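Visitor: I have a structure open and have not looked at it before. Can you walk me through it?
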Amino acid sequence: MALPLGLCSVFYGLFIYGNSQERHRIAAIFEQQTTLIHTAVVDTINRFISINSTLKNIFNSFPNISEEEFLNITQPLLKEHSGIQALEWIPVLDTPSGIHW
């Protein structure tokens, strides 16, 4: 009677140990994958911040950029960076009441 109980205890211990090892393995894989995704997301966000900063500096340096100049500056960015969906030309209106029709 003691032998079957002892074997059950050994098998149970092996099961618990194997289960623990598998959980650690899965946790390590998850950690590795989330680190890769986190790094990719941070790099992408930093790249977009850099692009926005560059555009801001261009517009601060040259406040009277025409629509054509805007397109010449932004079209390569849209082609090169697929994550940027759109950049829109919105002219600044100098008159206080807007455009007079």
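Guide: We will go from the whole chain down to single residues. Keep in mind that this is a predicted model.

Visitor: Fine. How many helices and strands does the protein chain have?
Guide: The protein chain has two helices and zero strands.

Visitor: And is the chain spread out or compact?
Guide: Spread out. The radius of gyration is 30 Å, while the globule rule gives 13 Å for 101 residues, so the protein chain is more spread out than a compact globule. Along the principal axes, the C-alpha atoms fill a box of roughly 100 × 25 × 20 Å.

Visitor: What share of the residues is buried?
Guide: Buried residues make up 9% of the 101 residues. The accessible surface comes to about 8800 Å², and carbon and sulfur atoms account for 64% of that surface.

Visitor: Which residues make a nonpolar patch on that surface?
Guide: Leu3, Leu7, Val10, Phe11 and Leu14 make a nonpolar surface patch of about 530 Å².

Visitor: Take Leu3. Where is it, and is it buried or exposed?
Guide: Leu3 sits in helix α1, which covers residues 2-61. With a relative accessible area of 63%, Leu3 is exposed, because the cut-off for that word is over 50%.

Visitor: Changing topic. How many salt bridges are there?
Guide: The count comes to one salt bridge. The side chains of Arg25 and Glu22 form it, at 2.6 Å from N to O.

Visitor: Where do those two residues sit?
Guide: Both Arg25 and Glu22 are in helix α1. They are three residues apart, about one turn of the helix.

Visitor: How exposed are they?
Guide: Arg25 is partly exposed, at 43% relative accessible area. Glu22 is also partly exposed, at 34%.

Visitor: What about rings? How many aromatic pairs does the structure have?
Guide: A search of the whole structure finds two aromatic pairs. One of them is Phe70 with Trp89, a tilted pair with 5.5 Å from centre to centre and 50 degrees between the planes.

Visitor: Why does that pair tie together separate parts?
Guide: Because Phe70 lies in helix α2 and Trp89 in the segment after α2, the pair ties together parts that are 19 residues apart in sequence.

Visitor: Which residues form the aromatic cluster?
Guide: Phe59, Phe70 and Trp89 form one aromatic cluster.

Visitor: Let's stay with helix α2. Where does Thr74 sit, and what is it in contact with?
Guide: Thr74 is in helix α2, residues 67-80. Leaving aside neighbours within four places in sequence, Thr74 is in contact with Leu55 and Leu87.

Visitor: Is Thr74 buried or exposed?
Guide: Thr74 is buried, with a relative accessible area of 1%. The word applies because the value is under 20%.

Visitor: What about Asn72, buried or exposed?
Guide: Asn72 is in helix α2, and at 53% relative accessibility this residue counts as exposed.

Visitor: Last one. Where is His81, and what does it touch?
Guide: His81 is in the segment after α2. Not counting residues up to four places away in sequence, His81 touches Arg47, Phe48 and Ile51.

Visitor: So is His81 buried or exposed?
Guide: His81 is buried, with a relative accessible area of 12%.

Notes
Residues are numbered from 1 along each chain as its sequence is written. This is a predicted model: local features need pLDDT of at least 70, side-chain atom pairs count only at pLDDT 80 or more; totals for chains, interfaces and linings use all residues. Side-chain values use heavy atoms; hydrogens and water are left out. Helices (H or I, at least four residues) and strands (E, at least two) are DSSP runs, numbered from the N terminus. Buried means under 20% relative accessible area, exposed over 50%, partly exposed in between (1.4 Å probe, protein chains only). Contact means heavy atoms within 4.5 Å. Patches are made of residues with over 30% relative accessible area and no salt bridge: like charges are joined within 9 Å, nonpolar side chains (Val, Leu, Ile, Met, Phe, Trp, Tyr) within 5 Å. Accessible areas come from the Shrake-Rupley method with a 1.4 Å probe; for residues, only the protein chains shown count as cover. A salt bridge is a side-chain nitrogen of Lys or Arg within 4 Å of a carboxyl oxygen of Asp or Glu. Rings of Phe, Tyr and Trp (its six-membered ring) pair if their centres lie within 6.5 Å; planes under 30 degrees apart count as stacked, over 60 as edge-to-face and the rest as tilted. The radius of gyration is taken over C-alpha atoms; the globule rule is 2.2 Å times the number of residues to the power 0.38.
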